[in-house]
Amino acid sequence: MPYLGSEDTVKELKKALSKPSVQSDPLRYRNTVLKAIRAMSQGVDVSGLFSEMVKACATVDVVQKKLVYVFLCSYASLNPELSLLVINTLRKDCQDPNPMVRSLALRNMTNLRLPSLVEYVEQPLTVGLRDRAACVRRVAVLGWAKLHNLQPNSEIDAAVVNELYSLLRDPDPVVMVNCLRALEEILKEEGGVAINKPITHHLLNRMKDCDVWGQCEVLRILQRYRPQSDDELFDILSLLDSSLVSPHPPVMAATVSLFLSLCSGLPAVSLSALERIRGPLLAACGSVSREMKFTAICHIQLLLRSLPGLMGAHYKRFFCGYAEPAYIKQRKMQVLVELVNDENVTMVLDELKGYCTDVNTDTGQAAISAIGRIGRSYSDRCLEILTGLLGLKQDHITSAVVQTMRDLVWVCPQCSDTVCSALEGCEETLQDSQGRQALLWLLGVYGEQISSAPYVLEVFIDTLRSEVSLGVKMELLTASMRLFLCRPAETQDMLGRLLHYCIEEETDMCVRDQAMLYYRLLHCGIEETQKVLQGRRSDPSLGVLIGRPAEPIGQWAQSFNTLEPLRHCATETESTGGGSPEPITFDLKPNTDLSDNLNLSQGSDSSDLCTPSSANVLASNAGLPLSLSLLPALSPEEFESLWLQQQQGFPAEEVAEEREVKEDHVCLEEHIHRLAPPPCSPQSLQAALQLVNIQTMAFTPPHTLPWRVYLYTHTQDTVSADTPRSTLILGELLYMGEAKEKAGGNQCANDRQEADKRVIAGEEEEQVREEATEERRRGESEQEGVKVTLKQQPKDDKALKGFLSILTQVLHTLSSERA
């Protein structure tokens, strides 16, 4: 036989299919058709055999029919005219006494996917819906979905939809599930299949007859139904009880998702359901399938956000196996960090220590990072392990350890002595830029405690010409400046050489501009330089990772059994208490005080910032739950553009507390009376606002007038779970202070003069004096308060009032510390 890819192959096959001797022998004819299919599967263009294959489909051999139909469906779009010749044969096969032939004909009739053939297909499909064989009904139901997909703009036949709804009670469970899928496709623009009480109970009772994927489809569609009473709700939960502990992970996950949807107002029932699925989830973590194992671990991370102790007794199940891929090992280590407590910390740290030398560098670095996160609560034990890893003198291990120590010192400054003593000599091993940047940061911030810090920096400066990393150069500039402020005698000469090189010879504009900034800053004096460079050595808004408060289930219930946990669990696990981007839901109740829940003075400890109840005590006049979120995040440029764009739509003469609505934008100006700016630092104010998911974009330094703060957040009104409404709120806080008070004093003098003129003109003196006094009081009341300007898009009055109430109480709580 000629080479498979040549044109001679097609010619020889065409010749063989046309021979009467081959056509008269069923076995030879089938084998020739099989050769054509084999050539097609190997990439040979055999579309020239289309007419011969059309003739070959007129046979009683079922195997040959299947082979020919595969060929015709593959090349029908290239030969639309010749495809009409197949329709007669297919319509004839739809009346064959063999149900397999009828179903095969219906399937391939819809698989041709030619709009010109739709009119020939509708009648056989309608007859197929009433066929006595279940396999034919299965194909006919899905065939209608294919036809609608082929012509999505065509009108929906109501008779067909009614027929499909009636087939939901078909005795065959596959037909029932196929009807659900077909109705979902056909009624997509109308919201999918309509679910009422009779359909719901019928599907629940028939679900045990369906296969795994059929049960998942039924459970997914049932999430749209809302029970009409508590008795009906618990009847449904009783029917789902067996599926909750199903040995099939997809069914179990779909059932849990339905449980959480139905029990959104019953947290105790939701917690009970989550505790019951502990066994199936642990079994899925031991699955042979890597994909199933990874998905189960990601969903366990999701559950640990609300039930931190759910898997505490089974922490050994998350120890890594030698042959497991790196992505599973890393997720298991994230779970181990969540499960650490006083009883198992020694064993977990010993296990993680073994992973640090894994042959996969990413796994080793992830293990070191996990030890560092545990070190936020068990710093002594973790620092001992990290110090020992530095002795291995391996590049990737040393780099990961130095970066971990930098992050650990930022959160736990009491570890600085141990870290500084461990850094001696590690600069010789570091090769990658991230590790060197971390080392330079430590040398700059803790240079007083590291005796060799100037000499290490001098080595970096001497080799600066061969440095290729932009980040290392900029970090070296900052570290040298900081070290100069605390050890000037040892650093002055090398700092001068560094600034000279970066200003005169460096080609990168970022490095040159930073060097110029520091050079001009030094000209302003040491005191000004210290104000800029010697800031805080740790972030008080960062909370510890271990033992963080449990989150409400409603924050992540909608993402269960979706792809979202696979994407976001890593960042959520590593997030800290200081401003989580996850939306926080507030139960708005009037007259609630925050003073017992927020303590954000300048010397506050990080534990004060992680008050779990502070997000649930904010007040509003509205009676509906309000959710605030920082996502999607806004860049400063986007904030400025939106602020100015909406500002153009509102006249400057707008009266305070009066709204003007243009298109779908709202502007609100209001004074918070008897309120001065909080005495805390801008960082503490930012941390307090982040606790309630309000992001500050810019603020003026403390004790400056006028005092301004720009902020934003996203609100979501959870009136309806199906159609939540999200809005964007931009805000400005303004306090004029003494400048406005002086202006107010001048205004009062002018008012007195005006009153004297009115008295001279003959008006009653007592009435004039009372009016002037009242106006003066109103002016003084406004002067003592903070002016709040809010801009919202799109318009939502209730959400705007709720947000203003939340913001007011946070500011009143912070301001109360002045007394």
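Me: Which residues do ring pairs link into a cluster with Phe-50?
Reply: Ring pairs join Phe-50 with Phe-71 and Tyr-75 in a cluster, where rings of Phe, Tyr and Trp (its six-membered ring) pair if their centres lie within 6.5 Å, and planes under 30 degrees apart count as stacked, over 60 as edge-to-face and the rest as tilted. Before going on, note that this is a predicted model, in which local features need pLDDT of at least 70 and side-chain atom pairs count only at pLDDT 80 or more, while totals for chains, interfaces and linings use all residues. Residues are numbered from 1 along each chain as its sequence is written, and side-chain values use heavy atoms, with hydrogens and water left out.

Me: OK, and how many aromatic pairs does the structure hold?
Reply: The structure holds ten aromatic pairs. One of them, Phe-50 with Phe-71, is tilted, at 6.3 Å centre to centre and 40° between the planes. This pair links distant parts of the chain, since Phe-50 lies in helix H4 (residues 50-56) and Phe-71 in helix H5 (residues 62-75), 21 residues apart; helices here are DSSP runs (H or I, at least four residues), numbered from the N terminus.

Me: Are Phe-50 and Phe-71 buried or exposed?
Reply: Both Phe-50 and Phe-71 are buried, meaning under 20% relative accessible area, with exposed over 50% and partly exposed in between (1.4 Å probe, protein chains only).

Me: What about Tyr-315 and Phe-319, how are their planes set?
Reply: Tyr-315 and Phe-319 form an edge-to-face pair, 6.0 Å centre to centre with 70° between the planes. Tyr-315 counts as buried because its relative accessibility is 13%, and Phe-319 does so at 17%.

Me: Switching to cysteines, how many disulfides are there?
Reply: There are zero disulfides in the structure, a disulfide being a pair of cysteine sulfur atoms within 2.5 Å.

Me: Last topic: how do the axes of H6 and H8 cross?
Reply: The axes of helix H6 (residues 80-93) and helix H8 (residues 118-128) cross at roughly 10° and come within 11 Å, the axes being lines fitted to C-alpha atoms over the stretch in contact, with angles running from 0 to 180 degrees between N-to-C directions. That makes H6 roughly parallel to H8, as angles under 35 degrees count as roughly parallel, over 145 as roughly antiparallel, 65 to 115 as roughly perpendicular and the rest as oblique.

Me: And which residues make the contact?
Reply: Leu-84, Ile-87 and Arg-91 of H6 make it with Tyr-120, Gln-123 and Pro-124 of H8, contact meaning heavy atoms within 4.5 Å.

How values were computed:
Helices (H or I, at least four residues) and strands (E, at least two) are DSSP runs, numbered from the N terminus.
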